[in-house]
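This briefing goes through the secondary structure, the surface and the charged contacts of one protein. Please read it alongside the sequence and the coordinates shown here.

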Amino acid sequence: MMDQEPNEVLNSLKGQISELILLYRKSKQEKESLIHEKLELMEKVEILKREREELDHQYNTLKLAKTFTANSGDSQEAKVKINRIVREIDKCIALLNR
């Protein structure tokens, strides 16, 4: 009888160790899956940021265009504004090229 008790304890420990190993592997796989999901979400966030920036730029362009069309009665003034903006852009490009 004494021999059976240590064997039972040993078998019980083996079973518990096996269960712990399975839980560890499952947790490890879940962690890897979550890391992969996190990376995908971070990529999506970057894409959405770029899209938002592009939409902001388009909005500002449309707002500027609307300003010009609202005052379309005075086309000379619109030409002066456009020329001023073009000169500012040229200055910016020149600064970037330095």
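Helices are taken as DSSP runs of H or I with at least four residues, numbered from the N terminus. The model is predicted, and in it the protein has 2 helices and 0 strands. Helix H1 covers residues 4–70 and includes Leu13.

**Surface and burial**
- Buried residues account for 2% of the 98 residues in the protein, and the protein exposes about 9,600 Å², of which carbon and sulfur atoms supply 59%.
- A nonpolar patch on the surface is formed by Val9, Leu13, Ile17 and Ile21, which together have about 340 Å² of accessible area.
- Leu13, a member of that patch, is partly exposed, with a relative accessible area of 42%, and the cut-off for patch residues is over 30%.

**Salt bridges in helix H1**
- A search of the whole structure finds 2 salt bridges.
- Glu46 forms a salt bridge with Lys49, with the closest N and O atoms 3.8 Å apart; the two residues lie 3 residues apart in helix H1, so about one helical turn separates them.
- Glu46 is partly exposed at a relative accessible area of 37%, and Lys49 is likewise partly exposed, at 45%.
- Asp56 and Arg52 meet through their side chains in a salt bridge of 3.6 Å, N to O; they are 4 residues apart in helix H1, and therefore separated by about one helical turn.
- Asp56 is partly exposed, with a relative accessible area of 34%, whereas Arg52 counts as exposed because its relative accessibility is 52%, and the cut-off for exposed is over 50%.

Terms used
Residues are numbered from 1 along each chain as its sequence is written. This is a predicted model: local features need pLDDT of at least 70, side-chain atom pairs count only at pLDDT 80 or more; totals for chains, interfaces and linings use all residues. Side-chain values use heavy atoms; hydrogens and water are left out. Patches are made of residues with over 30% relative accessible area and no salt bridge: like charges are joined within 9 Å, nonpolar side chains (Val, Leu, Ile, Met, Phe, Trp, Tyr) within 5 Å. Accessible areas come from the Shrake-Rupley method with a 1.4 Å probe; for residues, only the protein chains shown count as cover. A salt bridge is a side-chain nitrogen of Lys or Arg within 4 Å of a carboxyl oxygen of Asp or Glu. Buried means under 20% relative accessible area, exposed over 50%, partly exposed in between (1.4 Å probe, protein chains only).
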